[in-house]
Amino acid sequence: MRLSVLPATCGLLALGLAGCGGDSHMPTASKNPTGSYNREGSADPAGLGRQHILIADQFNNRVVEITASGEIVWHFGRGPNDISPRSIVGVNDAERIGDDLTLMAGTGAPPGTEPLCPNGCADNRVMIVNRDGHIVWQYGHFGATGSGPDTLNTPVQATYLPNRHVLISDQANARIIEVTSSKKIVWQFGITGNNALGPNTLNQPNAAELLENGHILISDLNNNRAIEVTHTTPSSIVRTFTAHGTLSGVAFASRLTDGHTLITDSNNNRIVEVDAGDNIVWQYGTNTQANSNANPLPTRAVRLRNGTTLISDQFNDRVLIVDKTGKTLVQYGTLNVPGYNTDNVNTQMNAPYDAKVIGDFTGLTPPSPDHDRDGDN
């Protein structure tokens, strides 16, 4: 379905540059947030302190920044039932750049999720937004789907690179692309439009992260694998992770400081950590609680510096932090109950797709000193 296209480009990447419109605000924080946050009887059970969390609240068409207590302190997007280019429809990913900018990816809404577009509506933009809600750079156009210059088809994730390029997981185009600030593609893995299994092909890739060794770690969703490829042209696969053939729907993968790889095994509703030999050394299932969605399809899991794991449990409508024993330390959102609230996320979110602690997980795995210094997420 083709909607009206966002007029003109919103400018090249320049930190702090004001650009096209958007929508953000600083809502009044809830004095007494409710929900599961305080159920552990601790003011800060996950040890977050003053760190904030950035969440892609997918079907609420917004990115929210929250405190450890769940209070919303910033957001971009106008909420559910807004399908205008001033919102971000079906947001799948968000990452803080420095102190003021946020990189986000909007894919649109599938059929049946938005009353205003019952047959589905596209967003297909990766964009950088400042604290005032202005879009200062974007790749792709609202409502337009394609594979040519400055067009995308279901961009589910983006990573801001140290060279100021943006790595984009262009899912339905079966490729990972590296784009400059002037919107030139300078690197690609996968054959555009060819969803397949092979040494140079991908099948609905869901994420790509830059590793400390310079390689790219790709979550090859429907090929049920995470692959580490060289960041060269041509590229080659140097390692493949499948948890010995047990993975199904690899939504996200990141490299841990001990060399292990943390994988979001979406179709199996679990998070797995594998060692260099592809052996599972830790796992956590997200559908084992009473009243859980039978298939919540978790989409992101990142290991925080304190050793806990932050999980976006998509269709359980929650973000949670668990420790190594699998104990839930904090939960935002109500288990398997979608909703919308402008003050806090303790009881209400709608299919959150991504969550990152700002200044902790950067998209470079493990986090680099440069990103830490700049406050990147």
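What follows is a chat about a predicted model of one protein chain.

Student: What helices and strands does the protein chain have?

Tutor: The protein chain has one helix and 26 strands. Keep in mind that this is a predicted model.

Student: How much of it is buried?

Tutor: Of the 377 residues in the protein chain, 60% are buried. The chain exposes about 13200 Å², and carbon and sulfur atoms supply 50% of that area.

Student: And what share of the contacts is between residues 24 or more positions apart?

Tutor: Counting contacts with a separation of 6 or more, 52% are between residues 24 or more positions apart.

Student: Salt bridges next. How many are there?

Tutor: The count comes to 18 salt bridges. One of them joins Arg96 to Glu65, with the closest N and O atoms 3.0 Å apart.

Student: Where do Arg96 and Glu65 sit in the chain?

Tutor: Arg96 is in strand S5, residues 91-97, and Glu65 is in strand S3, residues 62-66. The two are 31 residues apart, and the pair links distant parts of the chain.

Student: Is Arg96 buried or exposed? And why?

Tutor: Arg96 is buried, because its relative accessible area is 3% and the cut-off for buried is under 20%. Glu65 is buried as well, at 5%.

Student: Which ring does Arg96 lie over?

Tutor: Arg96 lies over the face of Trp74, at 5.7 Å from the ring centre. Another case is Arg303, whose charged end sits over the ring of Trp282, 5.2 Å from its centre.

Student: Back to salt bridges. Which residues are linked in a network?

Tutor: Asp93, Arg300, Asp354 and Lys356 are linked in a network of salt bridges. Within it, Arg300 pairs with Asp354, the closest N and O atoms being 3.0 Å apart. Arg300 lies in strand S21 (residues 300-303) and Asp354 in strand S25 (residues 352-357), so this pair ties together parts that are 54 residues apart in sequence.

Student: What about Lys356, which partner does it have?

Tutor: Lys356 forms a salt bridge with Asp354, and the closest N and O atoms are 2.9 Å apart.

Student: Are Arg300, Asp354 and Lys356 buried or exposed?

Tutor: Arg300 counts as buried at 1% relative accessibility. Asp354 is buried, with a relative accessible area of 1%, and for Lys356 the state is buried and the value is 1%.

Student: Switching to aromatics. How many pairs are in the structure?

Tutor: A search of the whole structure finds one aromatic pair. The rings belong to Phe59 and Phe315, with centres 6.5 Å apart and planes at 25 degrees, so the pair is stacked.

Student: Which parts of the chain does that pair tie together?

Tutor: Phe59 lies in the loop between strand S2 (53-57) and S3, and Phe315 in the loop between strand S22 (309-313) and strand S23 (318-322), so the pair ties together parts 256 residues apart in sequence. Phe59 is buried at 13% relative accessible area, whereas Phe315 counts as partly exposed at 29%.

Student: There's another residue in that S22 to S23 loop, Asn316. Is Asn316 buried or exposed?

Tutor: Asn316 is buried, with a relative accessible area of 0%.

Student: What does Asn316 touch?

Tutor: Leaving aside residues up to four places away in sequence, Asn316 touches Thr286, Ser292, Asn293, Pro296, Thr334, Leu335, Asn336 and Val337. Its C-alpha is also 9.4 Å from that of Met349, a residue 33 places away in sequence.

Student: Now the nonpolar side. How many residues are in the largest core?

Tutor: The largest nonpolar core has 23 residues. Those with the most contacts inside it are Leu48, Ile53, Ile55, Ile66, Leu310, Ile321 and Tyr332.

Student: Which elements give two or more residues to this core?

Tutor: They are S2, S3, S23, strand S24 (328-332) and S25. The largest share, three residues, comes from S24.

Student: What does Ile321 touch?

Tutor: Not counting residues up to four places away in sequence, Ile321 touches a list of residues including Ala46, Leu48, Leu304, Leu310, Leu329 and Val330. Thr308, Thr309, Lys327 and Thr328 are also among them.

Student: What is in the second core?

Tutor: The second core is separate and has 16 residues, among them Ile97, Val136, Ala158 and Val166.

Definitions and conventions:
Residues are numbered from 1 along each chain as its sequence is written. This is a predicted model: local features need pLDDT of at least 70, side-chain atom pairs count only at pLDDT 80 or more; totals for chains, interfaces and linings use all residues. Side-chain values use heavy atoms; hydrogens and water are left out. A salt bridge is a side-chain nitrogen of Lys or Arg within 4 Å of a carboxyl oxygen of Asp or Glu. Helices (H or I, at least four residues) and strands (E, at least two) are DSSP runs, numbered from the N terminus. Buried means under 20% relative accessible area, exposed over 50%, partly exposed in between (1.4 Å probe, protein chains only). Contact means heavy atoms within 4.5 Å. Accessible areas come from the Shrake-Rupley method with a 1.4 Å probe; for residues, only the protein chains shown count as cover. Rings of Phe, Tyr and Trp (its six-membered ring) pair if their centres lie within 6.5 Å; planes under 30 degrees apart count as stacked, over 60 as edge-to-face and the rest as tilted. A charge sits over a ring if NZ of Lys or CZ of Arg is within 6 Å of the ring centre and within 35 degrees of the ring normal. A nonpolar core is a set of buried Ala, Val, Leu, Ile, Met, Phe, Trp, Tyr and Cys residues joined through side-chain atoms within 4.5 Å.
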